Amino acid sequence: MRASFLVLATGAAASTSYLTWMADSFIQHGVRASRGYGEATLYEGYEAAFASTHNKSYADWYQSQIDSAVVLENGTIRGWRYDYYSLDDYRIGNNILWWYERTGEPKYKRAADVIRSQLDRHPRTPTGGFWHRQPDYPDQMWLDGIFMADSFYAKWTSLFDGHNRSAWDDIALQYDHIDARTRNRTTGLLVHGYDESRQAVWADPVTGAAPLVWGRAVGWYIMSLLEVIPLFPESHPGRARLVRYFITLAAALKKAQDEGSGGWWLVMSEPYPGVPGNYIESSASAMFTFGWLRGISLGLLAKDEYLEPARRAYNGLTERFVKVNSDGTLNWEGTVEVGSLGSNATFEYYTSIPLSENDHRGVGPFMLASYEMESL
């Protein structure tokens with residue numbers, strides 16, 4: 001049963017927020033403790049739930065997912081491979097830093113330093129961009145990777161190396177590269193990634209760009225911009241560029257929003273919206289909704305211009321993708337399992353991937369969007 005049908009009929013819905021209702025639901029569902037980026041994204045939803053309620057039970061549960069399962073008492077990371085360079089693995093660093101800021105415990109700082117040191121060794125393109133993964137994707141930058149690595153890079157720098165101008169230059173460079181090479185100057189949207197060597201089967205022979213706009217990749221990018229902009233020194237010129245990247249993308253998403261559902265299509269490139277096989281996808285829709293709401297709260301977007309479409313998008317999320325179970329818990333639906341440039345990157349590829357129920361990559365952004373909506 002859809003949540004919208006029960007929102008006034010059940011005690012749970014009437015007395016709590018979607019943020020805490022979803023947080024309680026996934027504790028009851030059970031979450032495998034992991035340092036994977038999907039779990040890392042979900043855990044940020046619990047950071048929001050704790051910030052909203054100051055309910056210690058959320059923090060206790062969250063810490064039980066991190067301690068021992070991810071961060072060991074000596075400050076090492078369980079199962080960490082020092083010779084394996086994948087940006088996806090670095091996302092958990094943000095969660096580790098959250099725990100360091102909350103507790104001051106040295107083990108969290110040591111664990112974060114493990115990831116920061118890995119970034120120093122990470123392979124780069126000839127112009128300085130981080131490869132998405134070695135050896136699988138040489139000279140490739142993906143929008144996904146910006147969220148996975150550069151938010152952590154900026155957070156670590158702001159905490160421990162804030163006066164290092166070259167570090168901020170390097171962080172800005174990652175956004176400059178990806179935006180310059182993947183942004184469609186007509187629509188304002190960004191394709192999934194690019195290959196600087198132009199060797200990938202999907203790479204444009206001139207620009208190296210991927211052919212299509214895949215919603216969740218754009219979602220990762222807009223979330224990362226909103227994480228990093230507040231951290232950037234006001235005096236650094238890179239901050240103004242990141243703000244411009246965000247504002248222009250927010251405007252492009254307004255044009256791309258589906259009128260009927262309030263959401264966004266899996267494949268956003270023309271002529272694919274509305275084409276059979278394409279569909280409104282929940283994780284990207286949650287990310288874009290969060291992006292607008294967070295942009296408003298940071299003062300980057302005008303409330304009178306973006307709040308109405310953001311409300312419409314959020315209502316679409318609750319009506320379309322939130323399901324109430326018979327036990328009163330919530331499920332999250334409509335999230336695509338994966339989208340990879342380790343493919344031919346065609347419309348047929350993206351639309352062939354199945355959907356996943358209760359996928360953390362959709363739940364986490366929905367919780368963040370709920371936090372912003374409930375904080376208005």
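1. The coordinates under review are a predicted model. Its largest nonpolar core comprises 128 residues, and I96 and Y221 are those with the most contacts inside it. Leaving aside residues up to four places away in sequence, I96 touches V70, V71 and I77, and also Y108, A111, A112 and I115.

2. Packing of α9 with α11. Two packed helices are described by the angle between their axes and the distance between the axes. Helix α9, residues 165–182, packs with helix α11, residues 237–256, at an angle of about 25°, and their axes are 9 Å apart. Because angles under 35 degrees count as roughly parallel, α9 is roughly parallel to α11. The crossing of these two helices, α9 and α11, is left-handed.

3. Packing of α8 with α9. Helix α8 spans residues 143–160 and packs with α9 at an angle of about 160°, the axes lying 10 Å apart. Since an angle over 145 degrees counts as roughly antiparallel, α8 and α9 are roughly antiparallel to each other. The crossing in which α8 passes α9 is left-handed.

4. Residues between α8 and α9. From α8, the contact is made by L143, I146, D150, S151, Y153, A154, T157 and S158; from α9, by A167, W168, D170, I171, Q174, Y175, I178 and T182. The contact of α8 with α9 has nine nonpolar, five polar and two charged residues.

5. Residue R181. Is R181 buried, exposed or partly exposed? This residue of helix α9 has a relative accessibility of 27% and therefore counts as partly exposed, as the class lies between the limits of 20% and 50%. With residues up to four places away in sequence not counted, R181 touches T127, Y194, E196 and A209. R181 and G316 are separated by 135 residues in sequence and by 32 Å in space, C-alpha to C-alpha.

6. Cis peptide bonds. Most residues other than glycine have a negative phi, and most peptide bonds are trans. Two cis bonds deserve a note here. The peptide bond from Q134 to P135 is cis, with omega near 0°, and P135 is found in the loop between α7 (106–121) and β1 (140–142). The bond from E270 to P271 is also cis, with omega near 10°; P271 lies in the loop between α11 and α12 (282–297).

7. Positive phi values. S68, a residue other than glycine, has a positive phi near 75°. S68 belongs to the loop between α5 (56–66) and α6 (92–103) and is partly exposed, with a relative accessible area of 42%. A345, likewise not a glycine, has a positive phi of about 60°. The loop that holds A345 runs between β5 (335–336) and α14 (347–352). With a relative accessible area of 1%, A345 is buried, whereas S68 is partly exposed.

Technical notes:
Residues numbered from 1 in each chain as written. Predicted model: local features only at pLDDT ≥ 70, side-chain atom pairs only at ≥ 80, totals over all residues. Heavy atoms only, no water. Core = buried A, V, L, I, M, F, W, Y, C linked by side-chain atoms within 4.5 Å. Buried < 20%, exposed > 50% of the residue type's maximum accessible area, 1.4 Å probe, protein only. Contact = heavy atoms within 4.5 Å. Axes fitted to C-alpha atoms, helices over the stretch in contact; angles between N-to-C directions. Helix = DSSP H or I, 4+ residues; strand = E, 2+ residues; numbered from the N terminus. Parallel < 35°, antiparallel > 145°, perpendicular 65-115°, else oblique. Left-handed = near helix turned anticlockwise from the far one by under 90°. Nonpolar A, V, L, I, M, F, W, Y, C, P; charged D, E, K, R; others polar.
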